[in-house]
Amino acid sequence: MEFSGLFTGDERKRKEREMAEAGRLPPHQSLTLKWPVLHYGSVPTFDPATWDFFIRGAIEQPLRLTWEEFQRLPRIEVTSDFHCVTRWSRFDNTWSGVSFREVMKLARPKPAAKFVLVHAEQGYTANVPLVDLDRDSVLFATHHDGKPLEPDHGYPMRLIVPHLYAWKSVKWVRGLEFLDRDMPGFWEQNGYHMYGDPFKEQRFDTD
Ligand SMILES: Nc1nc2c(c(=O)[nH]1)N[C@H]1C(S)=C(S)[C@@H](COP(=O)(O)O)O[C@H]1N2
Ligand SMILES: [Mo]
């Protein structure tokens with residue numbers, strides 16, 4: 001009989017070792033089996049009648065989608081890992097929602113568009129290079145592990161960019177601004193790295 005694993009602490013350690021061996025645990029991160037909540041400011045309320053999603057900047061035609069229009073877009077499901085700069089990682093999250101590429105088809109960025117400033121409720125922003133959003137793994141998620149997002153995890157919808165630190169995975173997302181040059185978002189203006197690769201430990205602008 002195997003006694004290790006009877007206790008959640010052992011289970012956590014075992015999984016952490018497994019992820020490290022598989023090359024999925026970025027340096028100086030530890031695995032969490034829970035799902036911490038982390039954000040600046042308060043949890044916004046959602047009203048489907050007034051919610052909208054804007055797309056502007058270096059694109060062919062600025063546009064605005066209602067909640068109903070956004071929900072009519074084709075959906076995908078993606079399983080990915082999630083790494084917060086405060087050193088916890090959560091593995092094998094199943095997200096479902098609308099792929100970034102689906103929204104990009106509507107946005108039609110101009111050739112000059114190389115960066116995106118992602119906008120959320122209450123003025124939160126995060127900058128991501130367009131090539132990093134234009135990937136199969138990036139989506140606007142409405143569901144996590146089969147259930148609608150909880151309000152404090154981004155309900156009704158959040159961006160998921162699994163290969164960058166989680167501050168780029170903008171909760172309560174409300175719009176995209178396409179740019180020809182990189183512009184710092186909220187945390188980037190406060191000393192965080194402009195790109196944020198967890199495997200290169202790009203935590204702060206000095207890394
Ligand atoms: N709108 C918004 N999105 C946000 C944040 C925030 O403050 N506001 N914090 C980010 C940070 S730092 C992290 S680690 C993740 C945490 O997501 P979670 O609370 O669902 O774990 O959300 C990111 N998205
Ligand atoms: Mo974070």
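**Note on pockets, ligand contacts and backbone features**

1. The largest pocket of this predicted model has a volume of about 430 Å³. Among its 27 lining residues, Leu 38, His 39, Tyr 124, Lys 171 and Trp 187 are the closest to its centre. A pocket here is an open set of points on a 1 Å grid over the protein atoms alone, with protein on both sides within 12 Å along at least five of seven lines; a cavity is a set of points where a 1.4 Å probe fits but cannot get out; and lining residues have an atom within 4 Å of a point. Grid points are joined across faces, edges and corners, and a volume is the space filled by probe spheres set on the points. The lining of the largest pocket comprises 17 nonpolar, seven polar and three charged residues. In this classification Ala, Val, Leu, Ile, Met, Phe, Trp, Tyr, Cys and Pro are nonpolar, Asp, Glu, Lys and Arg are charged, and the others, Gly among them, are polar.

2. On conventions, residues are numbered from 1 along each chain as its sequence is written, and chains are lettered from A and ligands numbered from 1 in the order in which they are written. Because the model is predicted, local features need pLDDT of at least 70 and side-chain atom pairs count only at pLDDT 80 or more, while totals for chains, interfaces and linings use all residues; side-chain values use heavy atoms, with hydrogens and water left out.

3. Ligand 1 has 19 residues around it (a heavy atom within 4 Å), of which Pro 36, Tyr 40, His 153, Arg 158 and Lys 171 come nearest. Polar contacts are pairs of N or O atoms within 3.5 Å. A polar side-chain atom of His 153 lies 2.6 Å from an oxygen atom of the ligand, and one of Arg 158 lies 2.7 Å from a ligand oxygen atom. For Pro 36, a polar backbone atom is 2.7 Å from an oxygen atom of ligand 1.

4. The second largest pocket holds about 160 Å³ of space. Its lining consists of Lys 15, Met 19, Leu 31, Thr 32, Leu 33, Arg 90, Phe 91 and Asp 92, that is, four nonpolar, one polar and three charged residues. Strand β5 contributes the most, with three residues. Helices (H or I, at least four residues) and strands (E, at least two) are DSSP runs, numbered from the N terminus.

5. Asp 92, in strand β5, has a positive phi near 55°.

6. One cavity of 30 Å³ or more is counted, and the largest cavity has a volume of about 40 Å³. Tyr 155 and Pro 156 are among the residues that line this cavity. The peptide bond between Tyr 155 and Pro 156 is cis, with omega near 10°. Pro 156 sits in the loop between β9 and β10.

7. Thr 125 belongs to strand β7 and is buried, at 10% relative accessibility. Contacts of Thr 125 (heavy atoms within 4.5 Å) include His 119, Phe 186 and Trp 187, with residues up to four places away in sequence not counted.

How values were computed:
Buried means under 20% relative accessible area, exposed over 50%, partly exposed in between (1.4 Å probe, protein chains only). A polar contact is a pair of N or O atoms within 3.5 Å; within protein, one must be able to donate a hydrogen and the other to accept it, and residues adjacent in sequence count only if both atoms are side-chain atoms.
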